[in-house]
Amino acid sequence: MFSSTDHLMMARALRLAERGAYTTRPNPMVGCVITQGDEVVGEGFHARAGEQHAEVLALQAAGERAKGATVYVTLEPCAHVGKTGPCANALVAAGVARVVAAMRDPFPQVDGEGFKTLQAAGIVVEGGLMEAQARTLNRGWLSRIERGRPWLRVKLATSLDGRSALASGESKWISGEASRQDVQRWRARAGAILTGAGTVLIDDPSLTVRLDDGAAFVPPLRVVLDPGLATITRGRVREGDAPTLYVHAPDAKPPRGIDAQTAAAPVHEGRFDLEAVLKLLAAREINEVQIEAGATLAGAFLAEGLVDEILLYVAPVLLGDRARPLFDGLHIDEMTQRLNLSIVESRRIGNDVRLLLRPEPADAGTA
């Protein structure tokens, strides 16, 4: 049974972990708090791949007071040698008495081995405290490890009448300035921002991160789905420091003299195998993908059941019945076919409302 102090300290560790949201990828976000009784004697969070893990930083801060202490960590301490040493061994060497972990690490080289190392040294190990919150925090990394594909988020802006662009395709700007700045923070936590060739041709987006608070971030990979590589020589998506990857059909040939990353993905009946595209990105250690595209591509991912969440900005404007819908290609003819969404969060952003939505199982809520 976990105490109120246990909950308080794990919540603190989770807040610490989230400080690495823009920089830790492809690693998970991890926070650690070390206590003597109710007193915090050390804490830390993992900031970047290759740098010290949260437990080691917390141990360094605690010094000799780590001996006999309780350690709260948001993920099972690692037990293998990667770019840094095993955190489980460091905790043993420091002489801690108890380790409380939010969740087991499903990474094959850990997956319970960290707990075994601690228990073999006589350390009390308890897991599962605030596990749901820990899993939500690292949903992208867990998706890549457990499902073999990134977590997929579709970002959209809509009018009150459910339109995402004018009939011409123009969509700048439906949402307000506050919403457009808010999107930057979601971009910053994504490993990749994905769009289609049509959006590049019509909107010419840069798909870069522009934070107004000066926070450090790792530029996300910009991904353009372009079967025939029609956009590889044009557009702002090629500019700036962020890398760009063009995903093309197997028979497309990149033009000579173009310095760009390219990768082929299967195409069936003129359409990309979208699941194969996601697996391709997972192989590049992408944890989260944010789609910023038109109704056709967004609808294709949704129709394939590949969308994990929808980030929707609802603006108090009307675009009329000639404007484009949020999603194309869903082909819903009966109420029993409708796609049900759960509202995870609703928040006012400037004059707009931001909804975070997640698709529910097909058989949920159809009564």
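A search of the whole structure turns up one cavity of 30 Å³ or more. This is a predicted model, so to speak of local features a pLDDT of at least 70 is needed, side-chain atom pairs count only at pLDDT 80 or more, and totals for chains, interfaces and linings use all residues. Residues are numbered from 1 along each chain as its sequence is written, and side-chain values use heavy atoms, with hydrogens and water left out.

A cavity here is a set of points, on a 1 Å grid over the protein atoms alone, where a 1.4 Å probe fits but cannot get out; lining residues have an atom within 4 Å of a point. The largest cavity holds about 130 Å³ of space, the volume being the space filled by probe spheres set on the points, with grid points joined across faces, edges and corners. It is lined by 16 residues, and R25, M29, R189, N287 and E288 are the closest to its centre. Helix α6 (residues 139-147) supplies the largest share of that lining, three residues; helices are DSSP runs (H or I, at least four residues), as are strands (E, at least two), numbered from the N terminus. By class, the lining splits into six nonpolar, six polar and four charged residues. Ala, Val, Leu, Ile, Met, Phe, Trp, Tyr, Cys and Pro count as nonpolar, Asp, Glu, Lys and Arg as charged, and the others, Gly among them, as polar.

R25 also takes part in a cis peptide bond with P26, with omega about 10°. P26 sits in the loop between α1 (4-18) and β1 (31-36).

Turning to the helices, α2 (residues 54-62) packs on α3 at about 20°, with the axes 9 Å apart. Axes are lines fitted to C-alpha atoms, for helices over the stretch in contact, and angles run from 0 to 180 degrees between N-to-C directions. α2 and α3 are therefore roughly parallel to each other (under 35 degrees; over 145 is roughly antiparallel, 65 to 115 roughly perpendicular and the rest oblique). E55, V56 and L59 in α2 meet C87, A90, L91 and A94 in α3, contact meaning heavy atoms within 4.5 Å. That contact has six nonpolar residues, no polar ones and one charged.

Helix α3 (residues 87-94) also packs with α4 (residues 113-120), at about 15° and with axes 9 Å apart. On the α3 side, A88, N89, L91 and V92 meet G114, T117 and L118 of α4.

Note on methods. On a 1 Å grid over the protein atoms alone, a cavity is a set of points where a 1.4 Å probe fits but cannot get out, and a pocket is an open set with protein on both sides within 12 Å along at least five of seven lines; lining residues have an atom within 4 Å of a point.
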